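The tour moves from one selection to the next.

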Amino acid sequence: MSEILLLVESKDGALDKKSLELMRGAGELAKELGVGAAAVVVGDQVGPLAEEAAAFGLQKVYRLEHPLLKGFDSGAWAAALQWLCGQLNPGMFLFSHSFVGKEVAPRLAYRLDTELTTDCLALKIDPADGLLIRTKPIYGGNAIADLKCAGVPQMVTMRKNCFEPMEQQSTRSEIVGMSPAIDESALKVKLLKTVSEEVVELDKANVVVAGGRGIEDKEDFAMLEALASAMCKTHGNVMVGCSRPVVDKAWMSADRQVGLTGTIVSPDTYIAIGISGAIQHLVGMIRSKKIVAINTDKGCNMFKVADYGVVADYRELVPALVKKLEEQS
Ligand SMILES: Cc1cc2nc3c(=O)[nH]c(=O)nc-3n(C[C@H](O)[C@H](O)[C@H](O)COP(=O)(O)OP(=O)(O)OC[C@H]3O[C@@H](n4cnc5c(N)ncnc54)[C@H](O)[C@@H]3O)c2cc1C
């Protein structure tokens with residue numbers, strides 16, 4: 001098997017956390033298979049980003065530069081990556097299940113005549129044949145499937161927060177500069193304007209205070225907001241999230257939903273209030289470092305995964321907690 005590649009993405013000119021997670025995934029798979037792992041940085045004048053990526057210790061960073069790769073054009077990026085795969089013949093290519101990954105990976109898979117599995121939650125190698133086992137939700141999240149495909153390169157898009165982000169290493173990657181043979185015919189879409197949207201990025205929170213169907217009134221979420229702001233002083237970025245029934249009732253926007261069909265989070269602390277612990281919710285928060293559950297039902301599933309559990313009515317416990325935190329600050 002030859003090299004494992006991953007596509008690097010940036011945000012405001014800096015490496016995106018999703019790419020650090022892919023580096024971890026690629027690094028672990030490469031170690032298991034005894035092959036190299038490399039990050040691919042695409043754009044025009046992306047030297048600083050390639051230097052940043054090189055600090056994470058994969059064998060190589062490919063710096064794929066061309067004036068047509070400035071900004072993001074899925075046609076140009078797919079053409080450049082097709083050219084790169086022609087040069088390197090990689091065994092695997094990992095993408096984030098992001099706007100960029102979802103735009104580029106299917107185009108590339110088609111051009112390379114291989115199979116792509118999107119929205120994966122986990123990856124492992126089948127020791128019998130060395131193929132990638134791709135775990136992903138199917139039937140709208142009602143089941144989880146393990147899939148294998150024989151096409152090369154083996155291609156996936158990964159959900160964020162499924163690997164721990166890679167830390168900087170003492171050894172730096174070798175940076176290899178390349179200029180793909182592409183031309184204007186690769187540009188299929190004309191970007192007219194970019195409109196940015198305000199989105200709650202729950203996965204950036206240090207602490208998530210999440211409410212579920214056990215919260216009786218929409219107004220009671222003010223208690224969770226009060227707990228979040230009392231914790232902000234000591235814990236930094238604290239956000240309020242929720243389970244799906246809360247979104248279904250239109251009490252909160254979908255970007256606050258944690259779970260299989262919402263956001264996957266791994267904060268330092270996750271406080272589940274009035275959430276029973278259905279599997280579709282657990283998938284979204286089980287990687288939290290500490291889980292605190294507040295629930296009236298001592299047999300609920302959330303207590304089975306919690307580090308700390310309080311059998312209590314949130315209407316009594318949460319205001320008392322807020323009072324205590326305010327007294328201490
Ligand atoms: C395809 C599919 C995808 C899904 N995706 C998601 C997803 O992404 N995220 C998600 O969350 N769900 C998802 N679901 C829904 C999921 O199956 C559960 O229905 C949902 O997570 C239950 O939410 P809950 O725990 O808030 O509600 P419940 O299961 O109704 O639990 C409410 C809890 O509140 C407790 N409670 C009640 N009153 C109080 C009180 N006064 N004080 C303290 N505790 C109290 C109860 O004891 C109970 O444990 C999905 C379902 C399907 C079929």
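Which element gives the most to the shell around the ligand? Select α7 (279-285): α7 gives the most, with three residues. Keep in mind throughout that this is a predicted model.

**Stop 1: the ligand.** Select the ligand and the residues around it. The shell has 30 residues, and the closest are Gly212, Gly214, Ser243, Gly259 and Ser276. The elements that give two or more residues to this shell are α6 (244-248), α7, β16 (290-295) and α9 (314-328). Now colour the shell by class: 17 residues are polar, eight are nonpolar and five are charged.

**Stop 2: the two domains.** Colour residues 4-186 as domain 1 and residues 202-328 as domain 2. Return to the ligand for a moment with these colours on: each of the two domains supplies at least three residues to the shell around the ligand. The centres of the domains, taken over C-alpha atoms, are separated by 33 Å. Next, look at where the domains touch. Here six residues of domain 1 are in contact with eight residues of domain 2. On the domain 1 side, the touching residues are two nonpolar, two polar and two charged.

Stop 3: Select α5, residues 221-235. Then step just past the end of α5 to Gly236, which takes a positive phi of about 75°.

**Stop 4: the whole protein.** Zoom out and show the protein as a cartoon. There are nine helices and 17 strands to find. The radius of gyration is 22 Å, close to the 20 Å that the globule rule gives for 329 residues, so the protein is as compact as a globular protein of that length. Along its principal axes, the C-alpha trace spans about 65 × 45 × 40 Å. If you colour by burial, 44% of the 329 residues count as buried. Finally, consider contacts between residues with a separation of 6 or more: 64% of them involve residues 24 or more positions apart.

Technical notes:
Residues numbered from 1 in each chain as written. Predicted model: local features only at pLDDT ≥ 70, side-chain atom pairs only at ≥ 80, totals over all residues. Near = placed C-beta within 6 Å. Helix = DSSP H or I, 4+ residues; strand = E, 2+ residues; numbered from the N terminus. Nonpolar A, V, L, I, M, F, W, Y, C, P; charged D, E, K, R; others polar. Domains from an automatic or database assignment. Contact = placed C-beta atoms within 7 Å. Rg over C-alpha atoms; globule rule 2.2 N^0.38 Å. Buried ≥ 20, exposed ≤ 12 C-beta atoms within 10 Å, placed from the backbone. Expected span 1.5 Å × (residues − 1).
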